[in-house]
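Reader: Please take a close look at one contact in this structure and describe how its two ends are placed. Then set it beside the other links that join separate parts of the chain.

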Amino acid sequence: MNSQRLWWQMPLRIIQFNLQSKDAPLMDAEKIARESEEMGANVITINAGGIVAWYPSKVRFHYVNEYMEDGRDILREILNACHARNIKVIARFDFAMAEDYIYHQNPQWFARKPDGSLIPRGNDRPGLWRRLYTTCINNGYQNEEVGLAVINEILDNYGDVDGIFWNGGYSSSCWCGVCQEKYLKKYGKPIPEKASEFETDWLASCNTESTQKYWDLMRTKAPDKLFTRYYFPFKLDLGANMTLPADNINERSKTGNMLCTEAQDVLSHGQKNLPEWSEPAIRMKMGRTVEGLPSPIGIIHAQPGMDWRHVGLPVPEFLYWSAQIKANGGAHWSTLTGFCDTIEDKRILDGVTRLNQMIKKVEDDMDEANCASQVQLLSDDGTYVQGWADGLISNHIEFDMMTHYQLELEKMKRYPVVVVPKGFVFPEDAGRLFEEYVAGGGHLIVEGTSGIELSPILHLLGTEGQIVCSEQMVATYQRIEPAGNVLRTKLGETNLVPLRGRVGFCVPKSDTEVYATWVPPFAPADSVGAPPERASLPAAQTQVPLCMVSTFKKGKVMFLPYEPSRLFREYGLDDFCILIGAYIDIMLGEKKHLEVDAPRGVQTSVFKKDNLLLLHFVNGVGQRPLKENIPCHNIKFSLKLELGQQVKDVAARISGQPVYYEVNNGVLTAELAELGVWDMVRVEF
Ligand SMILES: [Zn+2]
């Protein structure tokens, strides 16, 4: 089996050296290859061409690095040195910018503002650099005249390059004549002056059209080489009222043979703007929704933001952040600026080495393993799905994802519980699919506050009549009802839980069980604090449901006409987290096969392969950015065994410590005495 797989379908440990032009005279390919091997890489990614060529290119207007001595060919040196050590080489190209001498000869290749002027990049950069201008995605430089000619040249003269990393996931806005004409032809109207008013698929479609040409070249001329394709799984807020829609991952996967994504841990935006703690995990889960491709690549810049690219991320933060990639089935790619000799912060080189040593200990077991989850989270491209994902991770509940354009009944049927977040875009025919899923015994959790949004599945929700969306509310609560005692057992002794935002007012059917109800605001926002004499709840008890469960044929539906996912994402209160976990527990019921007892800050993911079950624990405990990896102790889990299943061994593959376990009445219970930053417990049957 293994012999039929191409190299990039095997376990990868990738290190990227983002070279600076002035690194060239300092580079010793043999030393770079040796150090890459010592750092645990089996693949390196290195600059080859585009803005700067690192080999003596013959393609006209392909600018060759002036700091590379005449007669030198750094790409060739790297290929020879790495291949001698069995390290694969991915060549990096970026055609998004070009030098001004190229502009003077080919002004038509460059991107324009609405007023026709050029789009310079880094004009104020100190150091006497020549000017760079943004090139147009729809014009010659990024396509036949230079970009494709360069890739052709590489495939002809460097047939041993193992893969191409085309750093072209996104396209800049351009108002040049070609773009104007193309826009008019595509949409029947002139291109708007503001990028925020572009048709939502404009930039992505231009990007795909250009990439298609590269992919056509690769798959016909070099089908066994890696050609990576970027994806961004959620809406991207670019500021200035401009939001890029999430990439259609299915579409992206058609113009490459492996997906990659960047989960950047940017700390230089300040502590108040830290990226979500589970972002690498969620990105890997989204990338894995495409069947037929290897697991996605998670590109982690090992620095605390591009402005601080000359130093490394704090190592404890880097390790916990990066461990999520492999722990969620992805291939890890560490990105550094320069190479070992020009990287001044040697601490991060040690961090990358430590990470790769851990990856080595789990990669054979993880090779071609499948996620073992019982919950499927449907995905749109926004806040609510991210809130659910975070809530599930914080409750140690493993889940798979599926986007609205991937919706299939057969895939849903693999999971006893399917979660529909608020704002999910129901595709055509969704009503029938969900009805069949529930009728056949599936359990559905639906979050939503508007009858219009929920109209395809309104008949499954256990309500009567309309759902009326409320205004944005503050100072409001939910009351746990006697039927919802199971919620109280998780929450502890409280009748009320905080609530904010919108509620979908509705009436439950007579046989619908109501677990929680709405408590109206006691004050407007400007007077919640004073006076306390008037803080009484005006209506302490209502019949308006916030959590209800009804049956439909063989299945069950839990309807949550409020926004638990957004509340958890925005406010992070543990009550919101507990409720999300409780909803899943209620709907999984007896079927729940895995219970994990660990702090919230420990992420769990679960895979299975043949006779193995692989449980990852990634320790994110502590205030971020993590200053230390605080060990956690006595992490317990219990697993319901299948009929006749015998446990042969339970081992902690990264730490190597013994794992104490026992089997009673068909349930395996085990305990990991100490968790450092990451471990994988392997249960062998
Ligand atoms: Zn253009």
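Author: In this predicted model, E317 and R624 form a salt bridge, with their closest N and O atoms 3.0 Å apart. E317 belongs to helix α9 (residues 315–327), while R624 sits in the loop between β27 (612–619) and β28 (632–640), so the contact ties together parts that are 307 residues apart in sequence. Both E317 and R624 are buried.

The salt bridges in the model number 43. Another of them joins the side chains of D367 and R5, at 2.8 Å from N to O. This pair also links distant parts of the chain, 362 residues apart: D367 is in the loop between α10 (346–366) and β13 (370–371), and R5 is in the segment before β1 (13–18). D367 has a relative accessible area of 16% and is buried. R5 is buried as well, with a relative accessible area of 10%.

The side chains of R85 and E30 meet in a salt bridge at 2.6 Å, N to O. Here R85 comes from the loop between α2 (74–84) and β3 (88–94) and E30 from helix α1 (residues 29–38), a link between distant parts of the chain that are 55 residues apart. The accessibility of these two residues is as follows: R85, at 24% relative accessibility, is partly exposed, and E30, at 38%, is partly exposed too.

Salt bridges also occur as a network, which links D365, R653, R682 and E684.

The zinc ion is coordinated by the SG atoms of C136, C174, C176 and C179, at 2.3 Å. The angles among the four donor atoms run from 99 to 116 degrees, and the site is tetrahedral. Along the sequence, the donor residues follow the spacing C-x37-C-x1-C-x2-C. C136 and C176 are both buried.

Disulfides make no such links, as the model contains zero of them. In the case of C82, the closest cysteine sulfur belongs to C340 and is 11 Å away, which is too far for a bond. C82 is buried, at 0% relative accessibility. C260 is likewise in no disulfide, and its nearest cysteine sulfur, that of C82, is 20 Å away. The relative accessible area of C260 is 0%, and this cysteine is buried.

C260 leads on to the strands. Residue C260 of β10 is the bridge partner of Y230. Strand β7 (residues 226–230) pairs with strand β10 (residues 258–262) in the parallel sense, over three bridges. Both strands are part of a closed barrel of eight strands with parallel pairing, in the order β1-β2-β3-β6-β7-β10-β11-β12. On average, and with direction ignored, neighbouring strands of this sheet are turned by 30 degrees against each other.

Note on methods:
Residues numbered from 1 in each chain as written. Predicted model: local features only at pLDDT ≥ 70, side-chain atom pairs only at ≥ 80, totals over all residues. Heavy atoms only, no water. Donors = N, O, S within 2.8 Å, 3.2 Å for Na, K, Ca; no water. Tetrahedral: all angles 85-135°; square planar, octahedral: opposite > 155°, others 65-115°. Buried < 20%, exposed > 50% of the residue type's maximum accessible area, 1.4 Å probe, protein only. Salt bridge = Lys/Arg side-chain N within 4 Å of Asp/Glu carboxyl O. Helix = DSSP H or I, 4+ residues; strand = E, 2+ residues; numbered from the N terminus. Pairing = 2+ DSSP bridges. Axes fitted to C-alpha atoms, helices over the stretch in contact; angles between N-to-C directions. Disulfide = S-S within 2.5 Å.
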